[in-house]
Amino acid sequence: FCFSDASIPATAIAVLLSVLKILLVIRNQKRHVIALYKGEKDFIPLEMLTSPTKTVNNSIRYAGMRIAYILWDWIVTFIVVELVAFLVGLCSSWIKIDAASFFNFLYVLLAPIIVSLVIYVLQLLMSRFVFLEKGAKQLVLNNRQLYHNVVYFSYFYNVLLGVFTFLKRVLLSALFGLLLIVRIDRPIYARGLETWDGGFSSYVAVLILHQNHNHPCLVTFLYLLQKSVNSRRTRRSLVRSEELFGR
């Protein structure tokens, strides 16, 4: 198995994922425009609403960033899919050559993960049925002494759980980062760091600019105002013409 064997399926999968993500961006853009028309700005950080200069500057870069993000998204997705396909082929070859050593390695890898999952499920069940008051709609802690004992004696088990939770956090961050590379309608950074995301900043700037100059209420008001001004001008011209010809 080599990289060339996975090139064609990796290309097809990368193109398919890129098209799906682009469609999601278009759908969310329509939703965000409608939300701005209604006055809902909860999805926009306050730091992006304070500087008109930055808004105009970021909106200028939107089209170029959109194309660049689409290209880079396809390249990165292609590389990741090809690497995954290569690893799957490598594991299948390993199974064919020496299945016993492969399953021993898999057992050593999965055993602590299964233990961590069991601990997590047990703690979840105890939190639901033992440590909370039955039928309580608010946070009312019951069996406090047992709760503190469980916290104390499960300390080292939670360290093991924390190790795999950390690895899960890293893997999920990489996965969501891969899926959100082209999704400039969502910030890829945590709350408070959205302004560092150039793609999201340009996306928000275009939305704000569009909302300020193409709001349906504003356009309708200006249309009616222009229509009223034109009708008044027409009336005045008719009155002047009647006065002129009447004389």
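Which residues make a nonpolar surface patch of about 640 Å²? The patch is made by I13, V15, L16, L17, V19, L20, L23 and I26. Patches consist of residues with over 30% relative accessible area and no salt bridge; like charges are joined within 9 Å, and nonpolar side chains (Val, Leu, Ile, Met, Phe, Trp, Tyr) within 5 Å. One of the patch residues, L20, is found in helix 1. L20 is partly exposed, with a relative accessible area of 44%. Here buried means under 20% relative accessible area, exposed means over 50%, and partly exposed lies in between (1.4 Å probe, protein chains only).

The model is predicted: local features need pLDDT of at least 70, side-chain atom pairs count only at pLDDT 80 or more, and totals for chains, interfaces and linings use all residues. Residues are numbered from 1 along each chain as its sequence is written, and side-chain values use heavy atoms, with hydrogens and water left out.

The secondary structure comes to eight helices and zero strands. Helices (H or I, at least four residues) and strands (E, at least two) are DSSP runs, numbered from the N terminus. From the N terminus on, the elements run α-α-α-α-α-α-α-α. The protein has 247 residues, of which 20% count as buried. Its accessible surface comes to about 18400 Å². Carbon and sulfur atoms account for 69% of that surface. Accessible areas come from the Shrake-Rupley method with a 1.4 Å probe; for residues, only the protein chains shown count as cover.

Contacts were examined next. Among contacts in the protein with a separation of 6 or more, 71% join residues 24 or more positions apart. Contact means heavy atoms within 4.5 Å. M65 lies in helix 3 (residues 62-97). Leaving aside neighbours within four places in sequence, M65 is in contact with G198, G199 and S202. M65 and Y203 are 138 residues apart in sequence. In space, their C-alpha atoms are 9.3 Å apart.

A search of the whole structure finds two salt bridges. A salt bridge is a side-chain nitrogen of Lys or Arg within 4 Å of a carboxyl oxygen of Asp or Glu. D73 forms a salt bridge with K21, and the closest N and O atoms are 2.7 Å apart. This pair links distant parts of the chain: D73 is in helix 3 and K21 in helix 1 (residues 7-37), 52 residues apart. Both D73 and K21 are buried. R183 forms a salt bridge with D185, with 3.0 Å between the closest N and O atoms. R183 and D185 are both buried.

The structure also holds two aromatic pairs. Rings of Phe, Tyr and Trp (its six-membered ring) pair if their centres lie within 6.5 Å; planes under 30 degrees apart count as stacked, over 60 as edge-to-face and the rest as tilted. W74 and F78 form a stacked pair, 5.4 Å centre to centre with 15° between the planes. Both residues lie in helix 3, four residues apart, about one turn of the helix. W74 counts as partly exposed, at 30% relative accessibility. F78 counts as buried, at 18%. The rings of Y152 and F153 have their centres 5.2 Å apart and their planes at 85°, so this pair is edge-to-face. Y152 is exposed, with a relative accessible area of 62%. F153 also counts as exposed, at 59% relative accessibility.
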